[in-house]
Amino acid sequence: MSNQLLKGKRGLIFGALDANSIAWYVAEKAHAHGAKFVLTNAPIALRKGDIFKLGEKTGSEVIPADITQVDELEGLFQETQSILGGNLDFILHSVGMSPNVRKNLPYTDIDYNYLAKTLDVSAISLHKVLQVAWKMDAINSWGSVVALSYIAAQRTFSTYSDMAQAKAMLESIVRSFGYHYGVKKKVRINSVSQSPTITTAGTGVGGFKSFYAYANCMSPLGNASSDDCANYCISLFSDLTRKVTMQNLFHDGGYSTMGISDTLIKSCFTCQGECFDDIVEKERVMGKK
Ligand SMILES: NC(=O)c1ccc[n+]([C@@H]2O[C@H](COP(=O)([O-])OP(=O)(O)OC[C@H]3O[C@@H](n4cnc5c(N)ncnc54)[C@H](O)[C@@H]3O)[C@@H](O)[C@H]2O)c1
């Protein structure tokens, strides 16, 4: 299905690692909706090679850049503008990483150098992207920037560790920069707070199966998939949402507003996440991830 909602628009997409990545789905949809864009990821992630397949599929060039390095971002924006032939209309920030989570350190014993890295990669990087774009005047009026977040910014999830602080900071940057970019150039900046999703970053969080199954049982509409998330991002990049800015938008099947659901009362406390495989199989059959 394509309504060409992004026809004529130019974009920059951070964070497609493999076919499970949320950014991968967004890139495929953006292509189907008529956008031209550049794909970027950390040089080390490019070694995996998958992103080049996405590049071929969507007719997009791939440019390596570490999102924490301002000079690399400046080069990235310059090259992107020259490849696409002008300023950008949309940017997707779909980047997150915590060395504390990777190393499985308990929250009460995190390493502070790792914490600094978590915040830099997962939150401050959004500020860096926006500041570089601002100084280069690289985003068109009514352009749209979307960053991906998670409800651990507001609530405690015991194994989400310092990524909770990163998401809280990310959402705060969305509001603060959203004000300045809105006044200066009518650029919109929002975060999408997405359901647990089966990706490399997602499944790296301890107890992910329980996260996923619990959220699915709690949400009246069920968890939002990567495919659903991509559709939502396309709507936010489109001209149909021109007055939406500085928001943290929950995209979670209703999870964030729930207390407890019938499904959870009846099943989850007894199965303790065993339904995960059933849910994934059902989604697979429905043609989703
Ligand atoms: N999967 C979930 O359950 C879930 C839920 C809510 C929000 N999110 C958020 O969605 C976003 C995308 O994650 P995903 O789930 O698609 O996983 P993913 O692992 O596919 O994507 C994370 C990306 O961040 C990139 N990255 C890490 N360090 C980088 C650096 N220094 N420079 C440039 N890129 C770097 C990785 O290479 C990878 O492409 C993240 O912000 C994540 O926190 C994920």
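View 1. Met-246 is partly exposed, because 17 other C-beta atoms lie within 10 Å, a count between the limit of 12 or fewer for exposed and 20 or more for buried. The structure shown is a predicted model. Met-246 sits in the loop between helix H10 (226–237) and strand E7 (248–251). The backbone is worth a look here. Met-246 has a positive phi of about 65°, yet it is not a glycine.

**View 2. Asn-104, another loop residue with positive phi.** The loop between helix H5 (99–102) and helix H6 (112–136) holds Asn-104. Its phi is positive, about 60°, although Asn-104 is not a glycine. Asn-104 has 10 C-beta neighbours inside 10 Å, so it counts as exposed.

**View 3. The shell around the ligand.** The ligand is surrounded by 27 residues. Ser-21, Gly-96, Thr-199, Ala-201 and Gly-202 are the closest. H8 gives the most, with 3 residues. By class, the shell has 14 nonpolar residues, 12 polar residues and 1 charged residue.

**View 4. Strand E1 and its two partners.** Strand E1 covers residues 10–14. All 5 of its 5 residues are buried, so E1 is largely enclosed by the rest of the structure. Arg-10, Leu-12 and Phe-14 point one way from the strand. Gly-11 and Ile-13 point the other way. In a regular strand, side chains alternate between the two faces of the sheet. E1 pairs with strand E2 (residues 36–41) in the parallel sense, over 5 bridges. Arg-10 has Lys-36 as its bridge partner in E2. E1 also pairs with strand E4 (residues 88–93), again in the parallel sense, over 4 bridges. Here Ile-13 has Leu-92 as its bridge partner. Together, E1, H1 and E2 make a right-handed β-α-β unit.

**View 5. The largest nonpolar core, seen around Ile-13.** This core has 68 residues. Ile-13, Ala-16, Ala-23, Val-26, Ala-27, Leu-92 and Cys-233 touch the most other members. Helix H7 (residues 163–185) supplies the largest share, 8 residues. Which residues does Ile-13 contact, leaving aside its neighbours within four places in sequence? They are Ala-23, Val-26, Ala-27, Phe-37, Leu-39 and Leu-92. Leu-92 is also the bridge partner of Ile-13 in E4.

View 6. Helix H9 (residues 208–218) is mostly covered, with 8 of its 11 residues buried. The buried residues are Phe-211, Tyr-212, Ala-213, Tyr-214, Ala-215, Asn-216, Cys-217 and Met-218.

**View 7. Asp-262 in helix H11.** Asp-262 lies in helix H11 (residues 262–271). Is Asp-262 buried or exposed? Asp-262 is exposed, because 9 other C-beta atoms lie within 10 Å, and the exposed class takes 12 or fewer. Pro-220 is 42 residues from Asp-262 along the chain. The C-alpha atoms of these two residues are separated by 9.6 Å.

Methods: Residues numbered from 1 in each chain as written. Predicted model: local features only at pLDDT ≥ 70, side-chain atom pairs only at ≥ 80, totals over all residues. Near = placed C-beta within 6 Å. Helix = DSSP H or I, 4+ residues; strand = E, 2+ residues; numbered from the N terminus. Nonpolar A, V, L, I, M, F, W, Y, C, P; charged D, E, K, R; others polar. Core = buried A, V, L, I, M, F, W, Y, C linked by C-beta atoms within 7 Å. Contact = placed C-beta atoms within 7 Å. Pairing = 2+ DSSP bridges. Right-handed = clockwise from strand over helix to strand, strands pointing away.
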